[in-house]
Amino acid sequence: MKYIFLAIASFFCLQANAQKEADMIVGKWLKMPKEDLIIEVYKSGEVYNGKIDWVKEGDTTKPDGFLILENLQYDESKNSWEGGKIHDPRSGKQYKASVELRDNGTLEVLGYKGFKFIGSKKTFKKVR
């Protein structure tokens, strides 16, 4: 009986740890190296979305609110967020999106059509 209890307890501990890892992208992220954009990543149900918090244009900054990332789902086996979309606010085009949290604490966002190896990557550092 105590082995069953230990197995169940272990399962819930692993689930809680996976959820903690999945939520690590939640927060505000500054685009590097230009430091001209902050996106705010948040959880909505079981998916993660990101909106533009502010954009620096010339010598001014302005809040935005444009939904730039949507429907990312955490893939525990890859330790990444997959299956989402990224929207280009300038062109209005939409691309597939993949997000990884690097060992140095930066967030790497990949936008691509078709194949990941021909996509475009942007790097962000957490500010909050």
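Reply: Happy to! In the hairpin of E7 and E8, four residues lie between the strands, and Gly-105 there takes a positive phi near 90°. Helices (H or I, at least four residues) and strands (E, at least two) are DSSP runs, numbered from the N terminus.

Me: Before I go on, what kind of model is this?

Reply: This is a predicted model, where local features need pLDDT of at least 70 and side-chain atom pairs count only at pLDDT 80 or more, while totals for chains, interfaces and linings use all residues. Residues are numbered from 1 along each chain as its sequence is written, and side-chain values use heavy atoms, with hydrogens and water left out.

Me: Thanks! How many bridges pair E7 with E8?

Reply: Six, and strand E7 (residues 94-101) and E8 pair in the antiparallel sense. Two strands pair if DSSP finds at least two bridges between them. Ser-98, for instance, has Leu-110 in E8 as its bridge partner.

Me: And what about E8 and E9?

Reply: Those run antiparallel too, joined by six bridges. Leu-107 stands opposite Phe-124 in E9.

Me: New topic: where is Glu-82?

Reply: Glu-82 lies in strand E6. Glu-82 counts as buried because its relative accessibility is 13%.

Me: Which side chain does the side chain of Glu-82 make a polar contact with?

Reply: The side chain of Lys-116, at 2.9 Å. A polar contact is a pair of N or O atoms within 3.5 Å; within protein, one must be able to donate a hydrogen and the other to accept it, and residues adjacent in sequence count only if both atoms are side-chain atoms.

Me: What joins E6 to E5?

Reply: Five bridges do, and E5 and strand E6 (residues 80-87) run antiparallel. Tyr-74 stands opposite Trp-81 in E6. Their hairpin has four residues between the strands, and Asn-79 takes a positive phi near 50° there.

Me: Last one: is Ile-118 buried or exposed?

Reply: Exposed, because Ile-118 has 56% relative accessibility. Ile-118 sits in the loop between strand E8 (106-112) and strand E9 (120-126).

Methods. Buried means under 20% relative accessible area, exposed over 50%, partly exposed in between (1.4 Å probe, protein chains only).
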